[in-house]
Amino acid sequence: MDQFKTLENLRDYIKEIKGFYSRPTTRGEHSTLYLDQNDGETIHGIRRRDYLFSPCGKFVLPSENMGLSFSAHWQHLKNIYRLKSSRNGGKPVDVCWALEDANLPQGLKFVVDKADKKNRHFFLAVTEKMHVSQLVSKLKWVADRMAVIKDATKAL
Amino acid sequence: MIKFRQKEEKDISLFYARKLGNEVAASIIESGEVANSSEAVTLARFYWSMVAETVKEKNAGIDHGFGDMDMWLEYICNAFFFYLSNNGYEEEWESQ
């Protein structure tokens, strides 16, 4: 539970930032791609269930209710952080985040998850049909520009 | 109603509710509704006990064939959290 005491400090830090999108990421893993999985549930590091794929699996189709998951509020971030910390064998978890006004590559857009009435969860959705390789490149681009709070338990 | 984005989320939740012998949680998941604060606490507590159970299974090499459990648990977390929060049970979720 020490992690969560420290995360309360992280909350105080983060709530000063208006308009952010964040993803808890286990140290050593990619922040926007799932590169370590080889179970048929990912396509080039993109989870099949996160995006709407064409039947052939080569293209990603626009959908405003699908995309890579991002927390836009402390409460949602805490849930996913706790989940990741519970399941990764004690490895440190970093928080990767981008500001709301960060420029995104063409064809990507943060859209609110309509399932949450308080707008604390967003999808990084695709807005135009694109080849999977294009989406991979764009997600890498986003990852390269995200700031990282390394191991919140120690950094804050 | 608890809005599961994928059918498997409900199936997996029910599987673990029954495995853990949590009939109240199983009933909530079946109906998609909690009736009161006590049931909201039960659902929240069940979620984190399910996570703990999957960790035990992972360490023991037990695989039920559900696929990427990190993904499913993330999706289920969102389904439960949004449902409880949208219906005035945010404190119950946060208390667990």
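Let's start with the sheet in chain A: an open sheet of 3 strands in the order 4-5-10, with antiparallel pairing. Strands here are DSSP runs of E, at least two residues, and helices are runs of H or I, at least four residues, both numbered from the N terminus. Two strands pair if DSSP finds at least two bridges between them. This is a predicted model, where local features need pLDDT of at least 70, side-chain atom pairs count only at pLDDT 80 or more, and totals for chains, interfaces and linings use all residues. Residues are numbered from 1 along each chain as its sequence is written, while chains are lettered from A and ligands numbered from 1 in the order in which they are written.

Which strands of chain A sit at the edges? Strand 4 (52-53) and strand 10 (130-131), each pairing on one side only. Strand 4 of chain A is joined to strand 5 (residues 59-61) by 2 bridges, and L52(A) has L61(A) as its bridge partner.

Now over to chain B. Helix 1 (residues 7-19) and helix 2 (residues 23-31) of chain B pack at about 160°, with axes 8 Å apart. Axes are lines fitted to C-alpha atoms over the stretch in contact, with angles from 0 to 180 degrees between N-to-C directions. So helix 1 of chain B is roughly antiparallel to helix 2 of chain B, a word for angles over 145 degrees.

Finally, the two chains meet: 16 residues of chain B are in contact with 16 residues of chain A, meaning C-beta atoms, placed from the backbone, within 7 Å. Helix 4 (69-86) of chain B gives the most to that side of chain B, with 10 residues.

Technical notes
Angles under 35 degrees count as roughly parallel, over 145 as roughly antiparallel, 65 to 115 as roughly perpendicular and the rest as oblique.
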